[in-house]
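Student: I have a structure to look at. Can you walk me through its helix packing and its chain contacts?

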Protein chains: 2
Amino acid sequence: MLVDVPRMAAWIGQVGPEAAIAGIRARLEADYRRWPQFDKTPRVASHSPLGVIELMPIADADRYAFKYVNGHPSNPMRGYQTVTAFGALAEVHHGYPLLVAEMTLLTALRTAATSAMAAAALARPGSRTMALIGNGSQSEFQAIGMRDALGIDRLQIWDTDPAAMDKISRNLSPLGFEIVRATSAQDACAGADVVTTCTADKALARIVEDAWIGPGTHLNAIGGDCPGKTEIDPALLERSQIFVEYTPQTRIEGEIQQLSADHPVTELWTVLDGSSPGRTDPSAITVFDSVGFALEDFSALNYLADAVAGTEFAGSIDLVAAPDDPRDLYSLIAATEARDSWGASAA
Amino acid sequence: MLVDVPRMAAWIGQVGPEAAIAGIRARLEADYRRWPQFDKTPRVASHSPLGVIELMPIADADRYAFKYVNGHPSNPMRGYQTVTAFGALAEVHHGYPLLVAEMTLLTALRTAATSAMAAAALARPGSRTMALIGNGSQSEFQAIGMRDALGIDRLQIWDTDPAAMDKISRNLSPLGFEIVRATSAQDACAGADVVTTCTADKALARIVEDAWIGPGTHLNAIGGDCPGKTEIDPALLERSQIFVEYTPQTRIEGEIQQLSADHPVTELWTVLDGSSPGRTDPSAITVFDSVGFALEDFSALNYLADAVAGTEFAGSIDLVAAPDDPRDLYSLIAATEARDSWGASAA
């Protein structure tokens with residue numbers, strides 16, 4: 001099965017991004033609750049002066065998934081996406097791929113689903129207002145996921161680029177959000193129940209200062225996701241309850257790279273399966289220090305595979321050589337040589 | 001660019017497997033000579049009761065490649081290939097993939113090219129006769145590569161399954177090889193200048209015994225390629241000069257897993273760039289303990305990309321979301337929702 005960009009965009013368009021994110025969130029939550037069943041590996045990164053290319057594999061007893069993803073902060077200035085991704089899902093028992101998919105759009109959905117899942121577990125009940133700092137590619141998906149999970153319907157948006165604020169307003173206004181253009185990051189945080197940071201600079205930035213955040217706030221920090229890239233004032237982290245996906249990876253890539261290596265953190269799956277408490281007090285500040293983990297891609301690919309199987313959104317791709325006799329790979333070439341035109345078999 | 005199975009088979013059929021292997025070998029040799037320029041990582045394996053799924057990434061300053069490959073020894077009994085593979089090539093500067101390709105056929109070509117490259121450097125000049133033990137999917141490609149590199153034109157074939165010997169005879173006889181059906185592995189080795197082992201059993205097997213191998217033989221051992229899978233009598237290894245691809249990986253996966261962890265081995269690239277001697281004596285036994293390394297896939301993918309660019313063999317695949325404004329990923333969905341039929345953009 002192939003879900004390329006046109007098919008993915010069409011599928012999301014048909015079911016609606018809110019339903020797609022909610023569906024992935026349900027699958028993701030079920031998978032997070034059985035976390036110990038997964039064969040987990042920190043992602044494998046290849047760094048270059050302009051960015052990074054990573055492979056993120058994960059498997060359970062039945063399915064194997066991996067994602068190819070790049071991160072190049074200077075890409076938008078050159079007309080490219082900062083992050084693009086594609087990946088595959090395979091059957092463990094014979095090792096054949098069953099789905100190849102674009103994952104730039106799918107990653108935006110699964111990241112929103114993950115943020116929404118964490119916020120549903122950690123934010124104060126009744127949260128309605130979200131500061132959305134960084135109005136780039138991920139921002140609309142974040143807003144849509146949070147509305148479905150929490151009931152967020154008021155957005156206080158901020159970006160250093162006014163054009164990005166224009167863009168998110170244009171995209172989200174038709175969906176019925178109340179959108180307030182803030183005058184600064186601090187202004188955006190004022191009175192927010194949830195603060196989402198999704199900025200793209202590869203820097204030890206301090207997008208959110210300690211003094212701006214009141215008691216009871218939930219921080220959804222998704223932009224600090226590689227070594228040397230952070231968004232949150234360490235003083236704010238020090239007085240917060242911190243939740244992570246996969247501790248070994250987050251120590252290297254997350255906001256907590258600013259803290260000591262033994263600073264206490266809680267893995268989110270232990271909150272979801274009930275073995276750890278989540279928010280301990282209405283006035284506590286909770287931080288979901290999200291860097292993105294392979295399990296989220298696994299859940300999203302599995303949800304997608306089930307959702308599109310047998311529909312017009314599942315294309316075909318022939319990546320597995322299948323000679324009649326499995327030991328006679330050479331016959332595929334001999335057969336081609338014997339034909340007048342290879343096109344006869346390419347249909 | 002997409003080179004799926006029909007296109008790959010057609011491309012090999014058109015240029016001919018001998019020319020394709022020779023072309024990959026030339027590219028591979030050039031890449032092996034600049035070995036230190038590559039960012040190398042041992043492959044990332046996910047093991048299950050029935051097999052393994054691996055990712056093999058590698059990069060230089062300009063290009064990044066990875067291969068997805070499975071190895072399931074019981075697959076042929078169930079009607080599947082033991083090994084299938086696909087992969088991608090990407091530009092390092094922006095991280096976008098430029099080629100997605102089937103790699104089951106391509107791996108057979110690159111493995112033959114690698115074996116041929118090693119044999120050209122290590123076998124005795126004038127080698128004409130090759131024992132070919134294990135007549136499965138890789139065997140025809142091995143024979144074709146060795147003929148081009150060394151002038152091998154006499155094959156002494158052996159497989160425990162007579163049907164496999166029938167198959168290789170049927171495939172290679174039309175190409176002008178002199179083919180001798182041996183009565184045992186020992187019989188196949190008698191008088192052979194080169195001995196190639198490419199059997200598939202996942203076991204600490206002893207396909208070739210020490211006593212069978214005369215002075216001056218070159219062994220091309222390609223079937224021992226994962227932990228617990230070997231083919232060569234350790235006593236034979238002890239009296240041979242051993243050459244490997246990437247030592248850290250071969251210690252774990254190769255024939256030398258049977259030897260002490262500090263047994264001397266020579267990396268093949270140092271022979272090719274002239275910094276190590278190869279064969280030191282006409283009567284020496286040389287062993288290429290090949291397990292397959294990501295650089296070989298890198299070379300093959302790059303050769304393929306150049307060879308098929310602009311031809312009928314390069315299909316298209318749309319895996320990279322490319323909104324007009326790179327920060328407006330959401331616009332891809334909004335555009336879809338606004339259309340009557342998504343099919344209008346899928347062409």
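Student: At what angle do the axes of helix 2 and helix 10 of chain A cross?

Tutor: This is a predicted model, where local features need pLDDT of at least 70, side-chain atom pairs count only at pLDDT 80 or more, and totals for chains, interfaces and linings use all residues. Residues are numbered from 1 along each chain as written, chains are lettered from A in the order written, and side-chain values use heavy atoms, without hydrogens and water. Helices are DSSP runs (H or I, at least four residues), numbered from the N terminus, and axes are lines fitted to C-alpha atoms over the stretch in contact, with angles from 0 to 180 degrees between N-to-C directions. Helix 2 (residues 17–33) and helix 10 (residues 294–308) of chain A have axes that come within 9 Å and cross at roughly 125°.

Student: Why is helix 2 of chain A called oblique to helix 10 of chain A?

Tutor: Angles under 35 degrees count as roughly parallel, over 145 as roughly antiparallel, 65 to 115 as roughly perpendicular and the rest as oblique. The crossing angle here is roughly 125°. That makes the pair oblique.

Student: Which residues of helix 10 of chain A meet helix 2 of chain A?

Tutor: Contact means heavy atoms within 4.5 Å. From helix 2 of chain A come Ala19(A), Ala20(A), Gly23(A), Ile24(A), Arg27(A), Leu28(A), Asp31(A) and Tyr32(A). Their partners in helix 10 of chain A are Leu295(A), Glu296(A), Phe298(A), Ser299(A), Ala300(A), Asn302(A), Tyr303(A) and Asp306(A).

Student: What joins the side chains of Arg27(A) and Asp31(A)?

Tutor: Both residues lie in helix 2 of chain A, 4 residues apart, about one turn of the helix. The N to O distance is 3.3 Å. The cut-off is a side-chain nitrogen of Lys or Arg within 4 Å of a carboxyl oxygen of Asp or Glu. The pair forms a salt bridge.

Student: How are helix 2 and helix 4 of chain A oriented to each other?

Tutor: Helix 4 of chain A spans residues 139–150, and its axis lies 9 Å from that of helix 2 of chain A. The two pack at an angle of about 70°. They are therefore roughly perpendicular.

Student: Which residues of helix 2 of chain A make that contact with helix 4 of chain A?

Tutor: On the helix 4 side of chain A are Phe141(A), Ile144(A), Gly145(A), Arg147(A), Asp148(A) and Ala149(A). Helix 2 of chain A gives Pro17(A), Glu18(A), Ile21(A), Ala22(A) and Arg25(A).

Student: How are helix 3 and helix 10 of chain A oriented to each other?

Tutor: Helix 3 of chain A covers residues 104–122. Its axis and that of helix 10 of chain A come within 10 Å and cross at roughly 115°. The two are therefore roughly perpendicular.

Student: What area is buried between chain B and chain A?

Tutor: Buried area is the accessible area (1.4 Å probe) that two parts lose on being put together, summed over both. The contact takes 80 residues from chain B and 80 residues from chain A. Carbon and sulfur atoms give 68% of the buried area. The total is about 7,000 Å².

Student: How many salt bridges are there between chain B and chain A?

Tutor: Over all chains the count comes to 49. Asp161(A) and Arg327(B) meet in a salt bridge at 2.4 Å, N to O. Between chain B and chain A the count is 4.
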